[in-house]
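Try each task before you read its solution.

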Amino acid sequence: MIIVTRLDRTRFAVNPDLIERIHASPDTTLHMVDGHVYVVEEELDAVIDLIVAYRARVLGAAQALTSQTGA
């Protein structure tokens, strides 16, 4: 999950695997595969950086698990 901030300053976590597209004009909007749309404070590049970091953590955790089990 990545943590983003609504315009009212409340923070929430979203599953980046469910983001269909991100649009910035001028506010950043996350368009989800289920049709929900979230407007967030973070800029488009910052959201992408959050997604990249999330995926790196997932891959790192998976690699750590396979090296522990010897698979």
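A residue counts as buried under 20% relative accessible area, as exposed over 50%, and as partly exposed in between. Keep in mind that this model is predicted.

**Exercise 1.** Work out which class Y38 falls into: buried, partly exposed or exposed.

Solution. Start with the value: Y38 has 22% relative accessibility. Now try F12 in the same way: at 13% relative accessibility, F12 counts as buried.

**Exercise 2.** Find out how many aromatic pairs the structure holds, and describe how the rings are arranged.

Solution. A search of the whole structure gives 1 aromatic pair. The ring centres of F12 and Y38 lie 5.1 Å apart, and their planes meet at 50°. Planes under 30 degrees apart would be stacked and over 60 edge-to-face, so this pair is tilted. Finally, look at the face of F12: R6 lies over it, 4.2 Å from the ring centre.

**Exercise 3.** Locate V47, decide whether it is buried or exposed, and list its contacts beyond four places in sequence.

Solution. V47 sits in helix α1 (residues 44-69). Its relative accessibility is 0%, so V47 counts as buried. Leaving aside neighbours within four places in sequence, V47 is in contact with I2, I22, T28, L30, V40 and E42.

Technical notes: Residues are numbered from 1 along each chain as its sequence is written. This is a predicted model: local features need pLDDT of at least 70, side-chain atom pairs count only at pLDDT 80 or more; totals for chains, interfaces and linings use all residues. Side-chain values use heavy atoms; hydrogens and water are left out. Rings of Phe, Tyr and Trp (its six-membered ring) pair if their centres lie within 6.5 Å; planes under 30 degrees apart count as stacked, over 60 as edge-to-face and the rest as tilted. Buried means under 20% relative accessible area, exposed over 50%, partly exposed in between (1.4 Å probe, protein chains only). A charge sits over a ring if NZ of Lys or CZ of Arg is within 6 Å of the ring centre and within 35 degrees of the ring normal. Helices (H or I, at least four residues) and strands (E, at least two) are DSSP runs, numbered from the N terminus. Contact means heavy atoms within 4.5 Å.
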